[in-house]
Amino acid sequence: MEDQAEQLRSLMKEKARTEGDAPEFDGPQAARSNRKTRIITITSGKGGVGKTNVATNMAIAYAQMGKKVILIDADLGLANVNVMMNIIPQYNLYHVMRKQKKMSEIILDTEYGIKLVAGASGFSKIANMTEDERNSFIEEMFTLADTDIIIIDTSAGVSRNVLGFVAAADEVVIVTTPEPTSITDAYGIIKIIATEVDNLNINLKMIVNRVKTAVEGKRVADRMIQIAAQFLNLKVEYLGFIYDDPIVQQAVLRQRPFIVNDPKGKASVCLKHIVSRIEKTEFLETEGFGRFMRKLLGRDWT
Ligand SMILES: Nc1ncnc2c1ncn2[C@@H]1O[C@H](COP(=O)(O)OP(=O)(O)OP(=O)(O)O)[C@@H](O)[C@H]1O
Ligand SMILES: [Mg+2]
């Protein structure tokens with residue numbers, strides 16, 4: 001395991017050295033911007049709590065603020081970010097992993113000002129790639145470094161894939177609803193993150209989705225923050241709530257993200273507040289995109 005991480009580190013050092021003459025890496029331009037890519041992973045304990053809606057609309061909200069955004073659909077089971085935006089991708093991450101396509105060939109421009117990397121069910125096999133496949137996949141992932149924000153939508157619950165993306169993130173956003181089962185499962189995933197992920201600087205944040213009142217959101221978050229601090233010695237930060245709002249279902253049905261379909265709707269306003277809140281928090285990027293790759297691929301999440 002350690003060997004693998006070490007291999008990856010030296011590979012990246014090697015890449016950094018040769019960057020100037022490696023045009024497929026976008027050259028020194030990408031190297032400069034490596035330092036500022038902020039990676040936000042969206043996850044949850046229970047399924048169906050609103051992760052994909054949060055990830056998609058958050059990505060668009062960032063783009064509306066003038067940021068360069070890439071949305072990655074890392075959901076294993078049902079990759080559906082593209083459905084939310086009415087896009088039918090021909091290729092996805094699986095093809096990159098299998099060296100059938102280059103990242104530049106699968107990354108899609110959308111009408112919403114963000115770029116999309118469509119999901120693949122085969123992505124769970126990431127830890128089983130041969131060394132050669134792994135190295136070439138890393139090279140391909142590096143082409144994503146030239147961006148301000150990467151938002152990663154994951155599947156619910158725990159898998160090595162999700163934990164890899166959690167470990168790699170600058171910020172991990174846990175989505176829950178006020179339902180008791182959703183809260184219990186959110187605590188469950190926080191606990192697993194606390195024990196499985198050895199990123200001491202892990203930055204856990206929480207969004208309470210589908211609330212009736214602001215007070216309800218605060219109550220759910222306060223309780224989670226207190227329990228995580230007491231039992232796991234972990235700091236969780238409350239990012240805010242999103243109202244239970246029919247504009248979300250309407251937008252899903254129309255396959256147009258709610259922030260675009262109904263920008264003044266309650267859910268849209270909540271989401272914009274959340275994004276400005278994330279923006280206000282300090283972003284201590286020390287090792288940049290390299291760290292993302294190391295954390296993502298440097299360990300088998302079995
Ligand atoms: N704020 C909200 N108000 C009303 N309905 C909502 C809200 N958020 C989500 N929903 C409903 O919940 C459904 C599921 O949302 P979404 O697909 O984003 O969840 P998910 O967590 O990504 O699910 P999965 O775990 O299956 O990936 C939406 O289609 C919508 O109908
Ligand atoms: Mg989803």
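The protein chain folds into 14 helices and eight strands, where helices (H or I, at least four residues) and strands (E, at least two) are DSSP runs numbered from the N terminus. Residues are numbered from 1 along each chain as its sequence is written, while chains are lettered from A and ligands numbered from 1 in the order in which they are written. Because the model is predicted, local features need pLDDT of at least 70 and side-chain atom pairs count only at pLDDT 80 or more, whereas totals for chains, interfaces and linings use all residues.

**The chain as a whole**

- Of the 302 residues in the protein chain, 46% count as buried; a residue is buried if 20 or more other C-beta atoms lie within 10 Å of its own, exposed if 12 or fewer, and partly exposed in between, with C-beta atoms placed from the backbone.
- Among contacts between residues at least 6 apart in sequence, 78% join residues at least 24 apart; two residues are in contact if their C-beta atoms, placed from the backbone, lie within 7 Å.

**The sheet**

- Eight strands make an open sheet with mixed pairing, in the order β3-β4-β2-β5-β1-β6-β7-β8; two strands pair if DSSP finds at least two bridges between them.
- The edge strands are β3 (108-109) and β8, each of which pairs on one side only.
- Strand β6 (residues 171-176) is mostly covered, with five of its six residues buried.
- On one side, β6 is joined by four bridges to β1 (residues 38-43), and these two strands run parallel; here T43 stands opposite I174.

**Around ligand 1**

- The shell around ligand 1 holds 20 residues, of which G47, G50, K51, T52 and N53 come nearest; a residue is near a molecule or strand if its C-beta atom, placed from the backbone, lies within 6 Å of it.
- The elements that give two or more residues to this shell are α3 (51-64), β7 and α11 (246-254).
- By class, the shell has six nonpolar, nine polar and five charged residues; Ala, Val, Leu, Ile, Met, Phe, Trp, Tyr, Cys and Pro count as nonpolar, Asp, Glu, Lys and Arg as charged, and the others, Gly among them, as polar.

**Helix α13**

- Helix α13 (residues 266-280) has 15 residues and should span 21 Å at 1.5 Å a residue, which agrees with the 21 Å between its end C-alpha atoms; the expected span is 1.5 Å times one less than the number of residues.
- Its buried residues include A267, S268, C270, L271, I274, V275 and I278.
- They cover an arc of only 160° around the axis, so they sit on the same side of α13; the arc is that of the directions from the helix axis to the C-beta atoms.
- On the other side of α13, S276 and K280 are exposed.
- The cover over the buried residues of α13 includes α3, β6, β7, β8 (236-243), α11 and α12 (258-261).

- Helix α10 (residues 214-232) has 19 residues and reaches 26 Å from its first C-alpha to its last, close to the expected 27 Å.
- G217, V220, A221, M224 and A228 are the buried residues of α10.
- Their arc is only 90° around the axis, which puts them on the same side of α10.
- The face turned away from that buried side carries the exposed residues V215, D222, R223, Q226, A229 and Q230.
- Among the elements that cover the buried residues of α10 are β6, α9 (180-196), β7 and β8.
- An α-helix has 3.6 residues a turn, so residues three or four places apart point the same way.

**Positive phi outside glycine**

- N233, in the loop between α10 and β8, has a positive phi of about 55° although it is not a glycine.
- N233 is exposed, with 8 other C-beta atoms within 10 Å.
- K99, in the loop between α5 (93-97) and α6 (103-106), has a positive phi near 60°.
- K99 is partly exposed, with 13 other C-beta atoms within 10 Å.
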